[in-house]
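My entries follow the display.

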Amino acid sequence: MNKPNLEKYGIINVKNIYHNLNRTALVENAVKHGEGILTNLGAINVITGKNTGRSPKDRFIVDQPSIHNKVDWNDINMPISEKVFDNLLIRATSYLQGKNIYVYDGFVGHDPQNSLSLRVITDLATTALLSENMFVSGRGKNPSIWENPDFTLIAVPWCKAIPKLDGTRSDVAIIFNFERKIALVVGSWYGGEVKKVMFSIMNFMLPEKNIFPMHCSANMGQDGKTALYFGLSGTGKTTLSTDPDRILIGDDEHAWTDRGIFNLEGGCYAKVIGITPEKDPEIYQGIRFGTLLENVVVNDERIPDFQNKKYTENTRAAIPLEFIPRAQLDATGPIPSTIFFLSADAFGVLPPISKLTKEQAMYYFISGYTAKVAGTETGIIEPIPTFSACFGAPFMMRHPSEYAKMLGERIVKHDVDVFLINTGWTGGPYGTGTRIKLRYTRGMISAALDGRFKNINFIKEPYFGLMIPQEIPNTDIPRKILFPQETWISKEEYDKYAKKLAWNFHKNFEKFKTSVPKEVANAGPIIKI
């Protein structure tokens, strides 16, 4: 195989070029060069240093006339000049001189008509392994595709930006240059940066083709009907989509065309803190030779301790899709029939399931709500509301209203049912109430997917205007749990927390009110503070 031409990127005087190595060779090289250690499960584990999560404040887009009016410029999509990009590109390519270089050629997206050809260039075998696991393989395809790929990603984790010289905020820099078709990841070894760079690029490019990019998981029933699960970290997106009774299409990134949906990735980047073979069998079975673990504590006998948060709570596994039991290997599916928005409401006031109108769906999609709990080590148990537009604000380069409009059009065109699911607390807020049982949540989702709500009545909830099913047919789920105010001991306390959450929704949505139709802006909580 001909060696790839790296000189056009300014990469010269390198030691060796390893082009499209398979997983075995990449793991072998990674161990040989001290990047990570093999565990007793067969997976290789790496410790990524101080960066154990994404760095959204270090993400920049080169401001160019061709894209200026299309980008939603904000504190995540921050503009940067061509000069700064050129300086960082020179720094990155100079750093690669004299080093072993790994080149991965593949695709983002399983739909051949709408995929993006990708070349990843890095000096770390484990970054190449992550690319091999998370993107779609280019093996067997015409190699000339990558002589001029749609995008090139240069990832140099141990090369550091110098803020005073490079015009960055820190020694980490993630920079997109759409006209040059190059993205840089400098200063961070965390694998999520690599995969989310390409997701962000697809989020920007696909709407030009009237394709709806989505930060969601997807699965399919034996009846061939697909469902989407939108949700932020900790809401159960991966857990609920890897249902043993359904076929997994993907756990994180998808796109919706006129023909159906397709996974943008070739694997699952699963959060593995706290996983067990009993609770998370599909993910656990996928952790074997060829899988990349990040920041998992491993003992002297090479046994991973998935309960240990020594390095971070954000421990990860980059698992190829073919390692996941019951995964749909072509990672495609028909037009979705059902959509679920997942919110882990730590205030304990949202119903465990409610049906949304199109306008409500657009409102809650733009809001992207969940809630987190403060650290118990300080004795603070008050929930903290979190809003992330489109359930993925850090990856959405266009204005949220543009993605919401695409969602609304598809709900109407294909008569899609949309449900809001609270995977959080009931009977009180975090610290007082209890977490809704996973068994109950699965039962409610199954009822929605099976069409058991078609012929039952819905009751309007008084604070948010949400429609709650009066029962869950053919289950042992208590009726009382469907109505949050009935699960609280104190009605006055419930009112206080419900009004507080409603106020947070209204406050967050202020910045979107003028960019959406009036009926969408008015589709939020009906209790106004």
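Which side chain does Asp417 meet in a salt bridge? I found that the side chain of Asp417 meets that of Lys355, at 3.5 Å from N to O; I count a salt bridge when a side-chain nitrogen of Lys or Arg is within 4 Å of a carboxyl oxygen of Asp or Glu. The two are 62 residues apart, Asp417 in strand S27 (residues 417-422) and Lys355 in strand S24 (residues 353-355). Asp417 is buried at a relative accessible area of 14%, whereas Lys355 is partly exposed at 28%. Here buried means under 20% relative accessible area, exposed over 50%, and partly exposed in between (1.4 Å probe, protein chains only).

Basis of the entries. The model is predicted, so I note that local features need pLDDT of at least 70 and side-chain atom pairs pLDDT 80 or more, while totals for chains, interfaces and linings use all residues. Residues are numbered from 1 along each chain as its sequence is written, and side-chain values use heavy atoms, without hydrogens and water. Helices (H or I, at least four residues) and strands (E, at least two) are DSSP runs, numbered from the N terminus.

Further salt bridges. I find 29 salt bridges in the structure. In one of them, the closest N and O atoms of Lys195 and Asp252 are 2.7 Å apart. Lys195 belongs to helix H5 (residues 191-205) and Asp252 to the loop between strand S14 (247-250) and strand S15 (253-256), so this pair ties together parts 57 residues apart in sequence. Both Lys195 and Asp252 are buried. I also looked up Glu208 and Arg398, whose closest N and O atoms are 2.8 Å apart in a salt bridge. Glu208 is partly exposed, with a relative accessible area of 46%; Arg398 is buried, at 4%.

The sheet. I traced an open sheet of five strands with mixed pairing, in the order S2-S3-S18-S21-S17. Its edge strands, S2 (37-38) and S17 (267-271), each pair on one side only. Pairing requires at least two bridges found by DSSP. S3 (residues 44-46) and S18 (residues 292-294) run parallel and are joined by three bridges, and Ile44 has Leu292 as its bridge partner in S18.

Asn219. I located Asn219 in strand S12 (residues 212-220). Is Asn219 buried or exposed? Asn219 is buried, with a relative accessible area of 0%. Beyond four places in sequence, Asn219 touches several residues (heavy atoms within 4.5 Å), including Tyr229, Asp243 and Ile247.
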